[in-house]
Amino acid sequence: MTLSATPEGSAFDSSRNNDAAATPLRILVIDDDRFTRVLLREMFLGVGATHVREAGDGHQALRLMDNEPWMPELILCDLQMPGMDGIEFLRELAARRFTGDLCLFSGTPRPVLEAAQRLAGAHLLRVIGILEKPVSEAALMQVLSKARHAGAEEPTEPSAPHPASKELTADELREGIANDRIELMFQPKVAVRGRRMAGAECLARFRHPTRGLLGPASFVPLAEQHHLIDALTVDVLRQAAQHLSSWYDSERDFKLSVNVSMLNLHALDLPETFERIVRKAGMQPSDFMLEITESALPSDYVVGLDILLRLRLKGFQLSLDDFGTGFSTMRSLSQMPFCELKLDQQFVQGAVNDAKAMTILESSVQLGHALNLNLVAEGVETPSEWALVEHLGCDEVQGYHVARPMPAAALRSWVHRWERSDVL
Ligand code: C2E
Ligand code: CA
Ligand code: CA
């Protein structure tokens, strides 16, 4: 490949099949400076990347993602660019609910990069590195090693879900829920002390007839917008209850966690509906942890509180998900009957290198202990993150370091391997 082969300002694909260490990651490099783009691309190709594309600014990158469509798994983005700058681009990524990894780089001083990283976090985007220019190959290698899809030993999902390249429509989703296209993946939660498997979180996927398995980013917000969230939640709980009854073992204390949207908390008879579903499968409400995510405020706070209290009285366990990222989490924590707090992965992952994330994590743990809540650290990906949350006193861990989400059929053999302790 020659440098002159790169058309200035156009999105350009360099696919190269090289050695065994090749990473199949789809990487997008965005920088207005052509020389930097080419250099970064060459560095990536040099360390075994096979799918690297470039864009000259945010507009071009979005065109590539929206129109081609080509969904990157790792984006490297310069902050200072004419046209659309890096900050505007982050906003656009957030609006598209981008779920891949991001690395920000710039010639600006490091505090600017750190502030941009915090802004990305506030948009719920995942930044795995910030780099000052000029970027070294060692720094790029570090970014690659942190990239979510890199180095996965065995992808436990048959095909990893990624955001739908073409948006799912509400009609497709409605039809899909009615025709059993929602499938569950299970991600283990394990106790820090003793490492016993404490339960698993049910994560929904949409089996699209032509596009494969789609992740929740492509249908949960859609379900929330089109009044399909009740049907989705009921379907997930029903399937979870059926799976649990087929695994039932009186010797084990094992709970399945099911995600419930705040927008589900509008019908006062929801506790009865949920109870009926689990009992029909021969299970008890206390076999389930309902994870409430505050992606939206409950439309009516009093109704929401009424429903949560009655779910709790029926025996369902309640967990406050993504703690620290949503709306009014402190208020919810103090006023609603939660049993568990899930510490969001951005604080868990950030804490190892970032003093502020560490402070937030530490004080969340203290708060959780003071309120007598089960504390779950989410998104634990490395031994050092495990060691940190263990040191801070978290009760349970969930994350790629323990296991990725897996189909129901894989869970039993995973548990056997875990208990023989050769998984970590
Ligand atoms: P969540 O409830 O916070 O679920 C955890 C998400 O983090 C899952 O993504 C999981 O695959 C991912 N994850 C777990 N461990 C790690 C790790 O170590 N590193 C990284 N980088 N990620 C990790 P997934 O399955 O894509 O789900 C995304 C979100 O979609 C969930 O976030 C949840 O808010 C929502 N969701 C999933 N299923 C349902 C559902 O049935 N109903 C509703 N309302 N929302 C759902
Ligand atoms: Ca959850
Ligand atoms: Ca969460």
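Close-up 1. An oxygen atom of ligand 1 lies 3.3 Å from an N or O atom in the side chain of Glu-378, a polar contact in the sense of a pair of N or O atoms within 3.5 Å. The side chain of Glu-381 places an N or O atom 2.5 Å from a nitrogen atom of ligand 1, and a polar side-chain atom of Gln-345 is 3.3 Å from a nitrogen atom of the ligand. Of the 800 Å² of accessible area that ligand 1 has on its own, the protein covers 85% (Shrake-Rupley method, 1.4 Å probe). This is a predicted model, in which local features need pLDDT of at least 70 and side-chain atom pairs count only at pLDDT 80 or more, whereas totals for chains, interfaces and linings use all residues. Residues are numbered from 1 along each chain as its sequence is written, chains are lettered from A and ligands numbered from 1 in the order in which they are written, and side-chain values use heavy atoms, with hydrogens and water left out.

**Close-up 2. The shell around ligand 1.** The ligand is surrounded by 22 residues, the closest being Gln-187, Arg-205, Asp-321, Glu-381 and Tyr-400, where a residue is near if one of its heavy atoms lies within 4 Å. Strand 8 (197-208), strand 12 (317-323) and helix 12 (345-351) each supply at least two residues of this shell, and strand 8 gives the most, with 4 residues; helices (H or I, at least four residues) and strands (E, at least two) are DSSP runs numbered from the N terminus.

Close-up 3. Glu-201 has a relative accessibility of 4% and counts as buried, as does Glu-291 at 0% (buried means under 20% relative accessible area, with a 1.4 Å probe and protein chains only).

**Close-up 4. Strand 12 and its parallel partners.** Because 6 of its 7 residues are buried, strand 12 is largely enclosed by the rest of the structure. Strand 11 runs parallel to strand 12 and is joined to it by 4 bridges, with Leu-290 standing opposite Leu-318. Strand 12 also pairs with strand 13 (residues 340-343) in the parallel sense over 3 bridges, Phe-323 having Leu-343 as its bridge partner; pairing requires at least two DSSP bridges between the strands.

Notes. A polar contact is a pair of N or O atoms within 3.5 Å; within protein, one must be able to donate a hydrogen and the other to accept it, and residues adjacent in sequence count only if both atoms are side-chain atoms. Buried means under 20% relative accessible area, exposed over 50%, partly exposed in between (1.4 Å probe, protein chains only).
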